[in-house]
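Have a look at the sequence and the model, then read on.

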Amino acid sequence: MVSLKLRVASRAGLACLVLCLTGCGYFDSRTVHKAQLAMIGMTENDLHSCAGIPDKTLKMNATTVLEQYIYKPNTPGTFSIAPLNMGTVTYNGSGSACVMMIRIDRGQVSEVHFAGDNDRLIGHEGICEPVIRGCVRQPESTMRHVSGGLFGPVSAFSSPPIPPQSQSAVWNGPAADLPALRTPADQIAGGAAKAAAASRAAAAPSAPVVPAGEAVIERSDAASQK
């Protein structure tokens, strides 16, 4: 009889914990961070099919587009729960808005970011869950499969690492000018080239200082010997 009461009490306590975590945004945060993995690689057409048309679009270069989704809930995170009819508990203080920014590289999602006042009581970016809900609940064929279990590869308190990006997705100039893409050999070669250029500049004769308005006449060695 005692063991039965203990089992009932433990299950009731677990149910209260789950309700509290759910109401406080813990599982919403995990869902949002799961989307940051699952949406990588999906096509832009599939993104629009499940998340809708973006509020803003910025063409960064010929192959890269930045799309922005803005979400502002009607009620900024106030809710009440009554676990096991033992009294009503009201929670306040969640975030009030979410901005989702998606980098599209050659027609596919390469990066997903969340910004704004978007945290709930437990976890990060929980306010953003409605933005990606359609894509996570009914995944498109070009999305990745990511385990959503309690011990899956996501956390409620931190976003997953940003996946590797192509050179054209992060830089509009030539690859050689992007420090993050330089190898140690490139850095050594670049340092040697700078040292050689400085040495040549030091060895070269200094140019004459010419008053303003006067022309400079270049003479060859042959002309100066006449």
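## A pair across two strands

Q68 stands opposite M101 in β5. Q68 itself belongs to β2, where K56 stands opposite Q68 as well. The strands here are DSSP runs (E, at least two residues), numbered from the N terminus.

The model is predicted: local features need pLDDT of at least 70, side-chain atom pairs count only at pLDDT 80 or more, and totals for chains, interfaces and linings use all residues. Residues are numbered from 1 along each chain as its sequence is written, and side-chain values use heavy atoms, with hydrogens and water left out.

## β1 meets β2

Strand β1 covers residues 56–59, and strand β2 covers residues 64–71. They run antiparallel, joined by four bridges. Two strands count as paired if DSSP finds at least two bridges between them. β1 and β2 form a hairpin, with four residues between them.

## β2 meets β5

Strand β5 spans residues 98–105. Eight bridges link β2 to β5, and the two run antiparallel. One more partner in β5 is R103, which is bridged to L66.

Six of the eight residues of β5 are buried (under 20% relative accessible area, with exposed over 50% and partly exposed in between; 1.4 Å probe, protein chains only). So β5 is largely enclosed by the rest of the structure.

## β5 meets β6

Strand β6 takes in residues 108–115. Seven bridges connect β5 to β6, again in an antiparallel arrangement. I104 has V109 in β6 as its bridge partner.

β5 and β6 form a hairpin with two residues between them. R106 lies in the turn and has a positive phi of about 55°.
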